[in-house]
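Dear colleague,

Please find the structure we spoke about just below. My notes on it come after, and I would be glad if you read them with the model open beside you.

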Amino acid sequence: MKNFAFIPFGNILLVRIDEEIEDHQVHLLEAEITKVITSKKIKGIVFNLSGVEVIDSFLAKHINKLSSTIKILGAQPVIVGLSAPVIFTLIDFDIHFKDIQFAFDIEGAILKISNFNNKRELID
Amino acid sequence: MKDVTELYRDETFLSEIINAIPSCIFVTDNEHNILLINKACAELINMRPGECFDRKSYEIFDSQMCDKETGACQMSIGQGIINSGQTILNVDDKKIPIEYESRPLKNFEGKIVGCVVHFIDITKRMHEEKILLRQKEELLQKNEEYIRHLQNEILELSTPVIEIWEGIIALPLVGTLDSYRARSATTRLLESIEQTKSSFVIIDITGVPTVDADVAKHILLTVYAVRLLGAEAIISGLSPNIAMTIAQLNLNLEGVEVCGRMADALSSAIKKIQSRKEYLKSINFFTE
């Protein structure tokens, strides 16, 4: 059984990740995401973590690595669905995310992704 | 010399006195035979004083006090010590709590010839003590609840979270911040953001004269937490003192919007919300 799911939404890819994702599944996820980004014109990846009750350093490390890859491929990773208790654990464990934007919902995620693209256009 | 009748009268008079005493008294010889017992004592074990004479004390008193080997009487007779304490006296099916004291009885040569045991029924006292204890506990519990209630009240008063605009909430902090208060403020703020789905948070610290290193770090941590939730935090009303603290601590304020006045922060947030709405309209995100 897969512990993640893809839902394409225009040029955005929604990814749901479950809590019990394992090592080999993360590699599978990475491979599939990179394949989708390169084959279609994907501008943003939205990770839905609302099904995750605790983000441990293992999951955080994988998300960070995945996000760097996504960023290099020219898309913006956004995390949605973090709840207050999850955030407290993240702060208590001193877990940081780099290169990632955060949003409440898809609407916020779309804003974050388009802001990113606007800035990029400005730099270009 | 007193004559025999006078002595006899003295003895009855003495036993009258002993019988008139409301607490229980009995005297035994070295073999635990009852030599003397008063009325109150016999009544307590549902007997008449006459029935008790020349019987063993451990036979008529079912209690640890009169135990043949380890009881208080035996200790007094064997070692000549004064024993006192509390124990249970079993009468039929009833358990009567008693407080006793046994003393060795010595003759004119100083030799121990028996023991005197004095005890009182403390059922009523125990009952009253129990009631008192319960009342005390109830009072303590009530007090504790009240104090907890007040503490919660103070905490809520000290960290108010207000929704000041559609999608904008404010956290005005007044007074000295300690790390406990800062933490509770963060908790309430995050909960409010989740409830109201606000996208902007204004943390106003105009009323905070000074912060220490921990609290300054905590404020920045709050900003980070707010960002993780998907909202954006604006800090307003930084006093020169706090600005100096943050600069001295080398804290990274990069990416954090800071406004001088709360009004500026509010107008900035409103502008951003409006431009976001326009953007969403322009890309035809929600076709209405």
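What follows is a short account of the conventions, then the contact between the chains, then some single residues.

This is a predicted model, in which local features need pLDDT of at least 70 and side-chain atom pairs count only at pLDDT 80 or more, whereas totals for chains, interfaces and linings use all residues. Residues are numbered from 1 along each chain as its sequence is written, chains are lettered from A and ligands numbered from 1 in the order in which they are written, and side-chain values use heavy atoms, with hydrogens and water left out.

Chain B is divided into domain 1 (4-122) and domain 2 (157-282), with bounds that come from an automatic or database domain assignment. Taken over C-alpha atoms, the centres of these two domains of chain B are separated by 81 Å.

Turning to the interface, 20 residues from chain A and 22 residues from chain B take part in the contact, where contact means heavy atoms within 4.5 Å. The area buried between chain A and chain B is about 2,000 Å², and carbon and sulfur atoms give 73% of that area; buried area here is the accessible area (1.4 Å probe) that two parts lose on being put together, summed over both.

The rule finds one salt bridge across the interface of chain A and chain B, a salt bridge being a side-chain nitrogen of Lys or Arg within 4 Å of a carboxyl oxygen of Asp or Glu. The side chains of B:Arg183 and A:Asp92 meet in a salt bridge, at 3.7 Å from N to O.

On the side of chain A that touches chain B, α3 (84-92), β5 (101-103) and α4 (106-123) of chain A each supply at least two residues, and α3(A) gives the most, with six residues. Helices (H or I, at least four residues) and strands (E, at least two) are DSSP runs, numbered from the N terminus.

A polar atom of the B:Asn83 side chain lies 3.5 Å from the backbone oxygen of B:Ala72. Not counting residues up to four places away in sequence, B:Asn83 touches several residues, including B:Met75 and B:Tyr100.

In chain A, A:Gly44 is in strand β3 (residues 44-48) and counts as buried, at 0% relative accessibility. A:His27, by contrast, is in helix α1 (residues 23-39) of chain A and counts as partly exposed, at 43%.

Most residues other than glycine have a negative phi. B:Asp92, although not a glycine, has a positive phi of about 55°; B:Asp92 is in the loop between β4 (83-91) and β5 (94-106) of chain B, and is exposed at 67% relative accessible area. B:Lys197 also has a positive phi of about 55°, lies in the loop between α7 (179-196) and β9 (200-207) of chain B, and counts as exposed at 55% relative accessibility.

With best wishes

Key. Buried means under 20% relative accessible area, exposed over 50%, partly exposed in between (1.4 Å probe, protein chains only). A polar contact is a pair of N or O atoms within 3.5 Å; within protein, one must be able to donate a hydrogen and the other to accept it, and residues adjacent in sequence count only if both atoms are side-chain atoms.
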